[in-house]
Amino acid sequence: MPWVRGKEKLLARSLGEKPIVVIGGGIGGLVSALDLASAGLEVILIEKEQTLGGKIRQIDCAGKGVDSGPTVFTMRWVFDGLFENAGTRLDDVLQIEQLKILARHAWSKSERLDLFANREQSAQAIGDFAGPAEAARFLDFCRQASKLYRALEKPYMLSQRPSMMGMMSDLGPAGSKALYEIGLFNDLWKSLGRYFKDPRLHQLFGRYATYCGSSPFQAPATLMLIADVEMQGVWAVRGGMIAITQAITKLAHAKGVKFMQGVNCEEILQTAGKVSGVRLSTGETIQTQAVVFNGDAMALQTGLLGQANQHAVQITQTTRSLSAITWSMLAMPSGFPLVRHNVFFNRDYDSEFTDIFYRKRLPQHPTVYICAQDQTDTTSSHSAGERLLCLVNAPAIGDRQQPTLSEIESCQEKSFSLLEHCGLNLSLEEATVTRTTPQDFHRLFPATGGALYGQANHGWMDTFRRPAAQTAITGLYLAGGSAHPGAGVPMAALSGRMAAATLMAHLGLIKKSGRVLISGGTSMP
Ligand SMILES: Cc1cc2nc3c(=O)[nH]c(=O)nc-3n(C[C@H](O)[C@H](O)[C@H](O)COP(=O)(O)OP(=O)(O)OC[C@H]3O[C@@H](n4cnc5c(N)ncnc54)[C@H](O)[C@@H]3O)c2cc1C
């Protein structure tokens, strides 16, 4: 079977005429498979679940698919680059619409604040909410967050294996100044305190740390760039987030990727310290010299894929990222004008993260996020109720002590009474509600305890501790949210692209240019 094209024929020899195996059909795995297949390589993707997408999934609630994983779609340029590389355009394979309101935030019936795609409009809203001085400081914050994003995009996000030293030398004077200004060694909470005197705004902008599963009180100040990512644009995907994985899967199919679904990979085999194959739950063995692993890197370190692979990575971050409890449902909301993304805050923010990260228990004062996908995606009628995903942060203890049913119910009660306190009433049929707990997430994503974003980013050094695409074992690569550059749909997709690029560079298919292996980005030449 001709699995490499034209001038790449020599690679058939270097891979011994064997396909590349991608383990896991999350976004990172799918993106890797597509990039590799786009380069003409033969790829087999193995996914233990029947459906592809991993955390990007829908739950069926009374016949309607409710987005029950990621809902906030940002950094579209990552996907523009991916689809372009595959010979098509994002707009030809997906229908996406940029949201004017990024999110609606509430603290009570009378305290609501919208953030907009247009930052002047956000400043106006913040001025009305907390006064003109706070609005002016918000604009300062935006400038700083943008500077930081521009400084770190290439030397960090697009870099294959960033190190502190390497990054400093790539930053240049402007980038170094941006890092110095935020206080490189500061935590996010402290740095935000310089901009936001109103505790509600402090809390709102601190929440961005949770986008990569970290506590705002322990995350490094550099994570303020996530606010800039949102302000660059949030999109709603018609058909839900699964439309993204469906589009990638379709393209990958067309390029010859073979999919094996409902099949667990039980072991990555080695011969003389190099990858030589994979053993599957079906009893089959596939010979290969290159594997891209898209499960959580912890699964390798804990020996789930075979003891010989335990030293493939050395994860030294000691804190698991956030897990969650989610409720996917159909409901009739009233009393509060939901937009697509809504956040309901409790006052005692510190206690939420103390409960989760120190006491390892469900928060007594949870913040509640609701995605109301029907607000912008009209692919479903509202007659039987709106599709809602309700999420609260939780500790990643799905493999240890379980929250008891009464603890979960108490958290649920507190969450729903917070919604009522903010004016939102949900009328729902219990039968349409599906609850997902850290234990469920642990079962879906092995070796995580239910952590949804790999290890937490606590402390500025953690930024450099995520494992890179290249592991210590020849022929084994990592793709996904637990690897560099980090969690979130676009970041895991970037990681998938880096894994494919690193592998292809090893094969001599593409040129390895310094630390940066893939092109792209918004800001740097
Ligand atoms: C509730 C929730 C809300 C989120 N919100 C957002 C958001 O709004 N915006 C955003 O950008 N991100 C969000 N995220 C994070 C984002 O979804 C993830 O970072 C990203 O999807 C992870 O992709 P991944 O490539 O790491 O693969 P994963 O999604 O982790 O998938 C890995 C796949 O590998 C498979 N697998 C693992 N081991 C094996 C094996 N041995 N054999 C075969 N298959 C295996 C698994 O079954 C799984 O399908 C959210 C996540 C969750 C769960």
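Two strands pair if DSSP finds at least two bridges between them. Helices (H or I, at least four residues) and strands (E, at least two) are DSSP runs, numbered from the N terminus. This is a predicted model, in which local features need pLDDT of at least 70, side-chain atom pairs count only at pLDDT 80 or more, and totals for chains, interfaces and linings use all residues. Residues are numbered from 1 along each chain as its sequence is written, and side-chain values use heavy atoms, with hydrogens and water left out.

**View A. Three strands, β10, β11 and β12, form an open sheet.**
The strands follow the order β10-β11-β12, and their pairing is antiparallel. β10 (265-271) and β12 (285-287) stand at the edges with a single partner strand each, so one side of each has no neighbour in the sheet. From one strand to the next, the twist averages 25° (axes are lines fitted to C-alpha atoms, for helices over the stretch in contact, and angles run from 0 to 180 degrees between N-to-C directions). Six bridges pair β10 with β11 (residues 274-280) in the antiparallel sense. Within this pairing, I268 stands opposite V278 of β11.

**View B. A272 sits in the loop between β10 and β11.**
This alanine has a positive phi of about 50°, although A272 is not a glycine. A272 counts as exposed, at 78% relative accessibility. Here buried means under 20% relative accessible area and exposed over 50%, with partly exposed in between (1.4 Å probe, protein chains only).

**View C. A447 is another alanine with a positive phi, here about 75°.**
A447 is not a glycine either. Its place is the loop between α15 (438-444) and β20. A447 counts as buried, at 15% relative accessibility.

**View D. Strand β1 (residues 20-23) is covered on both faces.**
I20 and V22 lie on one side of β1. V21 and I23 lie on the other. Each of these four residues is buried. β1 and β2 run parallel, joined by four bridges. V43 in β2 is the bridge partner of I20.

**View E. The ligand sits among 36 residues.**
G28, E47, K55, G481 and V489 come nearest. The side chain of E47 places an N or O atom 2.6 Å from an oxygen atom of the ligand. K55 has a polar side-chain atom 2.7 Å from a ligand oxygen atom. G488 uses its backbone instead: an N or O atom there lies 2.8 Å from an oxygen atom of the ligand. The ligand taken alone exposes 1,000 Å², and the protein buries 93% of that. α2 (27-38), β2 (43-47) and α16 (489-507) are the elements that give two or more residues to the shell. α16 gives the most, with three residues. By class, the shell holds 17 nonpolar, 15 polar and four charged residues. Three terms apply here. A polar contact is a pair of N or O atoms within 3.5 Å; within protein, one must be able to donate a hydrogen and the other to accept it, and residues adjacent in sequence count only if both atoms are side-chain atoms. Areas come from the Shrake-Rupley method with a 1.4 Å probe; for residues, only the protein chains shown count as cover. Ala, Val, Leu, Ile, Met, Phe, Trp, Tyr, Cys and Pro count as nonpolar, Asp, Glu, Lys and Arg as charged, and the others, Gly among them, as polar.

**View F. A cis peptide bond joins H484 and P485.**
Omega for this bond is about 5°. P485 lies in the loop between β20 (476-478) and α16.

**View H. Helix α9 (residues 199-206) is largely enclosed by the rest of the structure.**
Seven of the eight residues of α9 are buried. They are R200, L201, H202, Q203, L204, F205 and G206.

**View I. K511 lies in the segment after α16.**
This lysine is exposed, with a relative accessible area of 75%. K511 and F445 are 66 residues apart in sequence. In space, the C-alpha atoms of K511 and F445 are 34 Å apart.

Key:
Near = heavy atom within 4 Å.
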